[in-house]
There are 2 protein chains.
Amino acid sequence: MMLSQTEENYLKAIYSLTYTNSNNVSTTLISEAVKTKASSVTDMIQKLAEKDLVHYKKYQGVSLTEIGQKIAVEIVRKHRLWEVFLLNKLHYNWDEVHELAEQLEHIKSETLIDKLEIFLEFPTHDPHGDPVPDKEGNIKHHNDTMLSSVETGKSCVVIGIKDSSDPFLKFLDKLQIQLGNTLKVISKEPFDNSMLVETTIGSISISNQISKNIFVKNL
Amino acid sequence: MMLSQTEENYLKAIYSLTYTNSNNVSTTLISEAVKTKASSVTDMIQKLAEKDLVHYKKYQGVSLTEIGQKIAVEIVRKHRLWEVFLLNKLHYNWDEVHELAEQLEHIKSETLIDKLEIFLEFPTHDPHGDPVPDKEGNIKHHNDTMLSSVETGKSCVVIGIKDSSDPFLKFLDKLQIQLGNTLKVISKEPFDNSMLVETTIGSISISNQISKNIFVKNL
DNA sequence: AAAATAATTTAGACAAGCCTAAAAATATAA
DNA sequence: TTATATTTTTAGGCTTGTCTAAATTATTTT
Ligand SMILES: [Mn+2]
Ligand SMILES: [Mn+2]
Ligand SMILES: [Mn+2]
Ligand SMILES: [Mn+2]
C-alpha cells in the first residue's frame with residue numbers, strides 16, 4: 001500500500017494519541033496533532049477508513065485497524081532510528097533531531113531502514129528514551145514509573161521523557177539532566193508536589209509538571 | 001525560498017539538460033526528464049519564471065537564472081552526498097543509490113547536508129564519479145576524456161561514467177569494471193569502433209556505445 | 001427535559017500538479 | 001514559398017489536501 005506523507009502523518013498521530021488518550025481518538029485531537037482544521041481531519045479519516053486503515057463511525061472517533069497500526073509502528077520505527085542516526089553520527093543535539101526525523105521517516109524504501117539499523121548497531125532506544133520497534137513491529141513500552149512517584153530518599157535512573165517537545169528538552173539541558181543520569185529524591189513538598197532532587201551537578205528543585213514527565217527506573 | 005519537491009525536480013532537470021543539450025532547454029526534453037506531459041511542463045515553467053528561477057520566453061525554451069542555478073546545484077550536492085552515504089556507510093551498490101537519493105535530496109534543513117559531508121569526510125566524488133559541489137556551489141566538472149578516445153596501446157584509469165542509468169551500471173558490474181580500475185587499450189576495430197581492452201580480469205571487447213560513456217584519466 | 005454549548009460533519013471553494021484535447025506557433029519538406 | 005508536420009501553449013477538468021461557513025449531532029448546563 002502506497003501512502004502519502006500526509007496519510008502517514010495522520011496514522012502516526014492517531015497511533016500516539018491512542019496511547020496518551022482514549023482508545024477512540026477524537027477529530028479535534030487529531031487536528032491539533034497534524035495542525036489542520038477538524039473538517040480536514042474528517043475528510044482524511046473517511047479516506048483512511050475507505051482504505052481500511054482506521055475504524056470509523058460518524059461522531060464516534062477513530063481507532064487504527066491492525067494494518068493501520070502496523071504502518072504507524074513502521075513510521076515510528078523509522079522516525080526513531082533516524083533520530084539515533086542524527087544524534088550518534090551527525091552529532092545533533094536531542095532537541096534538534098525530531099523535526100528532521102519528521103521528514104526522514106517518510107523516505108520510501110524496502111531496505112533503507114533495516115540497513116540503517118544495522119549501521120547504527122541495533123539501538124534499542126531513541127535519543128529521548130523511546131523504544132525502537134523491531135523489524136516485525138514489536139515494541140517494548142516503557143514501564144511507566146515517573147520521577148514524581150519516586151519515594152523520598154530513594155534513587156533512580158532517568159530512562160526517558162514523556163514530553164519530547166523542544167522547550168522541555170532545552171529546559172532539561174539547562175538543568176543538565178540527561179538519559180542515564182542518577183537522581184536522588186531528597187525531599188518532597190506536599191503543597192505543590194515539587195521535589196528537591198540530588199543531580200550530578202547538585203541539588204535542584206523540580207516542579208510536579210516536570211517530574212511527571214520524566215521516566216525513571218528505581219535503583 | 002521554500003520550494004516543493006516537484007519544483008526542485010524541475011530545476012535539477014533543467015540544470016542537467018543544460019549541460020547535456022543546448023543552453024535553452026525545450027519543453028519536451030524537460031517533460032521526458034521529469035516524466036510528465038509537455039503541457040504540465042509549460043504550467044510549471046511559467047510558475048518558475050514567476051519566481052525568477054528560470055528565464056522563459058514563449059516557444060523559446062528555458063534556462064536557469066542565477067538563483068535557479070544555485071538551487072539546482074544545491075540539490076545536486078545533496079543528491080551526491082546522500083549517494084556516498086548510501087554506498088559507503090549502508091553498503092548499497094552503485095546501481096541502487098540513485099533512486100533513494102532522489103528522495104533524500106529533498107529533505108529540508110539548513111545544517112543536515114553539511115553535517116553529513118563532515119561525517120563522510122568531504123568526499124570529492126559520488127559513487128558514479130560525479131563531482132560533489134562544495135558548500136558555496138563550486139563544482140569541478142569532469143575533464144571529458146572518454147575511453148573511446150584513448151589511443152591503442154595506452155593505459156587509463158576509470159574516473160566516472162556519463163550514463164549512470166541502472167542497466168548501464170549493472171552491465172559494468174558484469175564486466176567487473178569499477179571506478180579506479182586501470183584499463184589498457186589493446187586494439188581498436190575501425191569497422192564498428194569497438195575496442196579490445198585489458199581489464200583486471202582479462203581482455204574484453206567493448207562497443208563504442210560503452211566506451212563513449214566511460215570517463216577516464218590517461219596514464 | 002429543554003436549552004445552550006461544543007464537537008463533528010457536510011457543502012462549497014481553492015491551490016498545486018497533473019491530464020486530454022484543441023489551438024497556436026515554429027520547424028521542416030515539397 | 002506554400003504545405004505539412006512537430007512542438008508548444010491554452011483551455012478545461014481531475015485529485016489531493018486544505019480552508020471557511022453552515023448544518024447536524026452530542027454533551028453540558030439549567
Ligand atoms: Mn521525535
Ligand atoms: Mn524521539
Ligand atoms: Mn544519482
Ligand atoms: Mn550519482
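How far is a phosphate oxygen of DNA strand C from an N or O atom in the side chain of A:Thr42? In this predicted model, the distance is 3.0 Å.

## Contacts with DNA strand C

Another phosphate oxygen contact involves A:Lys58, where an N or O atom of the side chain is 2.7 Å from a phosphate oxygen of DNA strand C. On chain B, a polar side-chain atom of B:Tyr59 lies 3.3 Å from a sugar or linking oxygen of DNA strand C. The top contributor is α3(B), with five residues.

There are 21 residues around DNA strand C, and those that come nearest are A:Thr28, A:Gln46, A:Tyr56, B:Ser4 and B:Lys47. Of the DNA strand C atoms that come within 4 Å of the protein, 77% belong to sugar and phosphate. Sorted by class, the surface near DNA strand C holds eleven polar, six nonpolar and four charged residues.

## The sheet of chain A

Chain A has an open sheet of five strands, ordered β6-β5-β4-β3-β7, with antiparallel pairing. The edges are taken by β6 (202–206) and β7 (214–218); each has a single partner strand, so one side of each lacks a neighbour in the sheet. From one strand to the next, the twist averages 40°.

Within this sheet, β3 (residues 155–161) and β4 (residues 182–189) of chain A run antiparallel and are joined by three bridges. Opposite A:Cys156 stands A:Leu183, in β4(A). Helix α7 (residues 166–175) of chain A lies across β3, β6 and β7 of chain A, and its direction is at about 150° to β3(A).

Chain B is superposed on chain A by a rotation of 180°, with 0.0 Å of shift along the axis and an RMSD of 0.1 Å. This relation is that of a two-fold axis. Within chain B, B:Leu104 has the C-alpha nearest the axis, at 3.9 Å from it.

Why can the copies be said to meet through the same surface? Of the interface residues of chain B, 100% are also interface residues in chain A, so the copies meet through the same surface.

Methods. Residues are numbered from 1 along each chain as its sequence is written. Chains are lettered from A and ligands numbered from 1 in the order in which they are written. This is a predicted model: local features need pLDDT of at least 70, side-chain atom pairs count only at pLDDT 80 or more; totals for chains, interfaces and linings use all residues. Side-chain values use heavy atoms; hydrogens and water are left out. Two strands pair if DSSP finds at least two bridges between them. Helices (H or I, at least four residues) and strands (E, at least two) are DSSP runs, numbered from the N terminus. Axes are lines fitted to C-alpha atoms, for helices over the stretch in contact, and angles run from 0 to 180 degrees between N-to-C directions. Contact means heavy atoms within 4.5 Å. A residue is near a molecule or strand if one of its heavy atoms lies within 4 Å of it. A polar contact is a pair of N or O atoms within 3.5 Å; within protein, one must be able to donate a hydrogen and the other to accept it, and residues adjacent in sequence count only if both atoms are side-chain atoms. Ala, Val, Leu, Ile, Met, Phe, Trp, Tyr, Cys and Pro count as nonpolar, Asp, Glu, Lys and Arg as charged, and the others, Gly among them, as polar. Copies are superposed by least squares on the C-alpha atoms of residues with pLDDT of at least 70 in both.
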